[in-house]
Amino acid sequence: MNLEYFVFGVMFVMALGASLAMLFARNAVHAALFLVVTQVALALGFLLQGAFFVAAVQIILYAGAIMVLFLFVIMLLGVDTREALIDPLPGQRPLAIGLGGLLAAEILWVAVRGVELAAGGEDQATALTELNQNPGNVKALAAELFSRYLLPFEATSVLLVVAIVGVMVLARRIGRVPNTGTGAESASGSDKEGAAA
Amino acid sequence: MSVAPGYYLALAGLMFSVGVVGALTRRNAIVIFMFIELMLNAINLIFVTFSRMWGHVDGQILVFFVLVVAAAEVVVGLAIILVISRRRGTANVDDVSLLKW
């Protein structure tokens, strides 16, 4: 059981360190790679807590698909765009950092105190391991997902279709549409970007 | 005796705070989206921790819904950023003030 604490410590340092490094990374590509490290560490945390299928999905979908999409768009827009350090709103940065620190302190206090108040956490922890052994993690998930959560599940499929259609409408080139003014502009602009990249 | 849920919740809270600070301080629209992803990931960790605390898989199912919403949000958001930078040549959120009074 000491090993679990060790793995948790590694996970903790990895996740928090990578997300802090993301905060200080000036380059967008570096931030994306640090986000991948954070997500892999979180998948480790899911494994530690018996959520095996969710851990696999986290790696495949988040660290795989979504981050590749991010990197693709970063490369499409050009990597060398420097971030402006001028604050149009004076004092926003220190205020944001101060309020973020306050938020962190509040959440930490709730995490330490609230879990004690909720009580009964450890007794139930064995229930999940039993559930993982008897029907199995994936079977238990599927039984819940396709019975009690069937309506939200179908609603998410509608959401995905709406998102796909919306993206196709947004990303379509408007070159062939009669009002050629904006279309020609955007086409030449993207050509220039392509040449620069 | 396994690691207490409070530690996981503390980690998730710290990560969420980092995400909030990042989303408020950065200027690049894509990087802001990454910090929103970080916040959603912290929420996923909270859901999985609660799932273990209460001993059923409902929390893990909620993770799937968060994931689907995050995927849809990222896809649409990145398409909007792409269109904006195609039109105005920048992904800086301060330069896009078309709707400002």
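In which helix of chain A does Leu23(A) lie? Leu23(A) is in helix H1 (residues 2-24) of chain A; helices (H or I, at least four residues) and strands (E, at least two) are DSSP runs, numbered from the N terminus.

This is a predicted model, in which local features need pLDDT of at least 70 and side-chain atom pairs count only at pLDDT 80 or more, while totals for chains, interfaces and linings use all residues. Residues are numbered from 1 along each chain as its sequence is written, and chains are lettered from A and ligands numbered from 1 in the order in which they are written.

View 1. Leu23(A) counts as partly exposed because it has 19 C-beta neighbours inside 10 Å (buried is 20 or more other C-beta atoms within 10 Å of the residue's own, exposed is 12 or fewer, partly exposed is in between; C-beta atoms are placed from the backbone). Leaving aside residues up to four places away in sequence, Leu23(A) touches Val18(B), Val21(B) and Gly22(B); contact is defined as C-beta atoms, placed from the backbone, within 7 Å. Phe34(A) is eleven residues from Leu23(A) in sequence, with a C-alpha to C-alpha distance of 9.5 Å.

**View 2. The side of chain B that touches chain A.** Here 63 residues of chain B are in contact with 71 residues of chain A. Helix H1 (5-25), helix H2 (29-54) and helix H3 (58-88) of chain B each supply at least two residues of this side. The largest share, 21 residues, comes from H3(B). By type, the residues of this side are 41 nonpolar, 15 polar and seven charged (Ala, Val, Leu, Ile, Met, Phe, Trp, Tyr, Cys and Pro are nonpolar; Asp, Glu, Lys and Arg are charged; the others, Gly among them, are polar).

**View 3. The three helices of chain B.** Chain B has zero strands, and its elements run α-α-α from the N terminus on. The C-alpha trace of chain B spans about 55 × 25 × 20 Å along its principal axes. Of the 101 residues of chain B, 50% count as buried.

**View 4. Helix H7 (residues 180-196) of chain A.** Where pLDDT is low, the predicted coordinates should not be read in detail.

Terms used. pLDDT is the predictor's confidence in each residue, from 0 to 100. Two residues are in contact if their C-beta atoms, placed from the backbone, lie within 7 Å.
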